[in-house]
Amino acid sequence: MEAVAEREPAAQPIAIRIRNVSQTYHEGRSAIQALDRVSLDVAQGGFVCLLGASGCGKSTLLNLIVGLYRISSGTIDVGGRRVALMFQEPALFPWLTVEKNVEMGMRFRGVGAEERRSKAHDLLRLVHLETFAERRPHELSGGMRQRVAIARALSQEADVLLMDEPFGALDAMTRDVLHDEIEAIWSRTGLTVLFVTHNVREAVRLGDRVVLLSSRPGRVVAEFPIDLPRPRSADSVPVTEMAAAITNRLREEVRRHGR
Amino acid sequence: MGVDRSAIVESESLEREIEGLDALDVPIVEPERKLKTFWRGAWPKLAAVGFVLAVWQGIVWIGWRPSYVLPGPARVFAEIGELMGTAKFWSAVATTLQRAAAGFGLAILIGTALGVAVSRSRTLRRAFGSFITGLQSMPSIAWFPFAILVFKLSESAILFVVVLGASPSIANGLINGIDHIPPLLLRAGRVLGARGLASLRHVVLPAALPGYVAGLKQGWAFSWRSLMAGELLVIIESRPALGSQLQFARELSDAPALIALMIVILVIGVLIDGLVFATIEARIRRRRGLVDVGA
């Protein structure tokens with residue numbers, strides 16, 4: 001472990017401690033560096049948005065945290081917390097009903113059938129889908145599927161929820177509603193959320209911190225604390241102004257790659 | 001407590017908004033009408049059968065071959081009626097179906113185990129992958145001389161060839177199904193904690209089911225074919241079977257019985273494909289939303 005100066009004295013314990021993480025794909029000449037010495041702390045109960053243009057290694061970082069990939073160098077410490085990951089696509093199992101999809105994670109943990117059922121129902125109520133429990137994923141709209149995916153992620157009783165552009169493929173109205181919903185769930189459960197997006201307004205709307213990553217390789221270039229009162233609206237003036245400032249900074253980053 | 005109340009109002013209106021969006025979003029599925037669906041599937045089949053019978057009758061009328069070699073449909077269907085009145089016919093059908101069930105069942109076990117093993121291990125795949133495909137293309141009748149040599153004229157010889165004929169298709173179908181699972185589903189499974197056998201049972205096999213069923217269907221076709229070839233060659237005196245009856249009909253130059261038995265063999269094959277596999281496939285497609293509602 002290398003000593004890194006804390007950016008600010010944390011009131012909450014750190015849920016995710018990322019230290020000098022570099023990630024390289026392939027070896028030798030064709031080596032691609034996806035992440036370059038990324039260090040980042042996410043406080044417990046925090047809502048941090050990772051923002052960056054394409055190729056900044058946002059998804060790579062999430063996959064490293066959840067343990068799907070092996071880290072090339074550096075350390076990631078979640079202090080034994082359970083980590084759930086949501087993808088851009090709902091990735092529901094098409095052969096199962098909505099309810100069975102939500103039960104899946106509990107099944108792998110060995111939770112009994114009765115308890116699985118009642119928990120799944122509670123979670124579906126939380127995302128307002130209790131009447132759709134017996135439907136199959138293809139019978140739902142994109143936004144509804146993504147809410148099932150939220151319920152499924154929450155079923156893991158994780159302390160940390162990683163979200164990889166979860167609302168990227170949805171229409172604006174559905175996205176607005178889901179912003180309200182995820183914010184409500186977050187404030188009710190005390191979950192730690194690390195939310196990846198390339199949508200600046202979305203980041204400002206949701207995060208209490210926005211972390212800007214550069215592209216190729218991904219590196220933390222700026223951080224913006226967002227102190228605006230909640231609930232926020234993505235169209236409100238303060239959110240828009242904050243987003244404009246961050247967008248400028250982001251564009252600067254992108255310009256660096258134009259030759 | 002002004003803040004609290006506004007939060008409640010907020011959450012109520014959010015809830016209503018979500019319900020509204022959901023109601024607008026849910027695709028409308030028309031209830032299917034059983035009789036209409038049945039008729040839509042049935043009439044082209046009936047028409048095709050009618051067409052084949054007409055061509056057959058036409059050839060008979062032209063007199064291409066004498067009628068004791070090529071009898072017309074009416075004569076043959078009368079023969080089928082007669083056959084169905086005999087106990088020997090039904091015992092032959094029972095023997096053949098029993099052999100088919102035993103052979104196909106064993107082929108499912110072996111093919112599935114082989115498919116899982118090969119798809120999960122890179123080394124096994126390199127070793128056996130192309131070998132399985134090669135086996136699949138080997139005509140099963142080519143196995144019979146060997147089988148008869150090893151097992152003599154016995155049930156085991158037939159079973160051996162039926163299993164060899166069907167299991168590569170089943171294994172290949174399963175391997176194919178597993179190869180075509182979207183990686184995202186596997187990752188979703190892993191994130192949810194799927195490991196080892198639990199992952200195989202709850203994620204990999206269900207996701208591979210469409211390919212597996214396609215393999216089973218082909219495996220059934222191969223096992224039925226191998227079985228008929230086997231029953232022509234391996235005739236056990238005490239056990240009349242459809243294939244051996246066919247062979248006797250040829251030896252006696254009993255053309256109506258011969259064609260009647262061929263039709264019975266064809267119909268059994270078609271029925272099992274249509275009733276068992278088509279039903280399973282339709283069900284899988286419907287459940288997974290692979291049916292275009294608008295079409």
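Q: Which residues touch the most other members of the largest nonpolar core?
A: This is a predicted model, in which local features need pLDDT of at least 70, side-chain atom pairs count only at pLDDT 80 or more, and totals for chains, interfaces and linings use all residues. Residues are numbered from 1 along each chain as its sequence is written, with chains lettered from A and ligands numbered from 1 in the order written. A nonpolar core is a set of buried Ala, Val, Leu, Ile, Met, Phe, Trp, Tyr and Cys residues joined through C-beta atoms within 7 Å, where buried means 20 or more other C-beta atoms within 10 Å of the residue's own, C-beta atoms being placed from the backbone. Of the 132 residues in the largest core, those touching the most other members are A:Leu50, A:Leu51, A:Leu161, A:Leu162 and A:Phe195.

Q: Why is strand β6 of chain A largely enclosed by the rest of the structure?
A: Strands are DSSP runs of E, at least two residues, numbered from the N terminus. In a regular strand the side chains alternate between the two faces of the sheet. On one side of β6(A), A:Val160, A:Leu162 and A:Asp164 are buried, and on the other A:Leu161 and A:Met163 are buried. The strand is largely enclosed because its buried residues number five of the five.

Q: Which residue in β6(A) is the bridge partner of A:Leu85?
A: Two strands pair if DSSP finds at least two bridges between them. Strand β5 (residues 83–86) of chain A runs parallel to β6(A), with four bridges joining them. In β6(A), the partner of A:Leu85 is A:Leu162.

Key
Buried ≥ 20, exposed ≤ 12 C-beta atoms within 10 Å, placed from the backbone.
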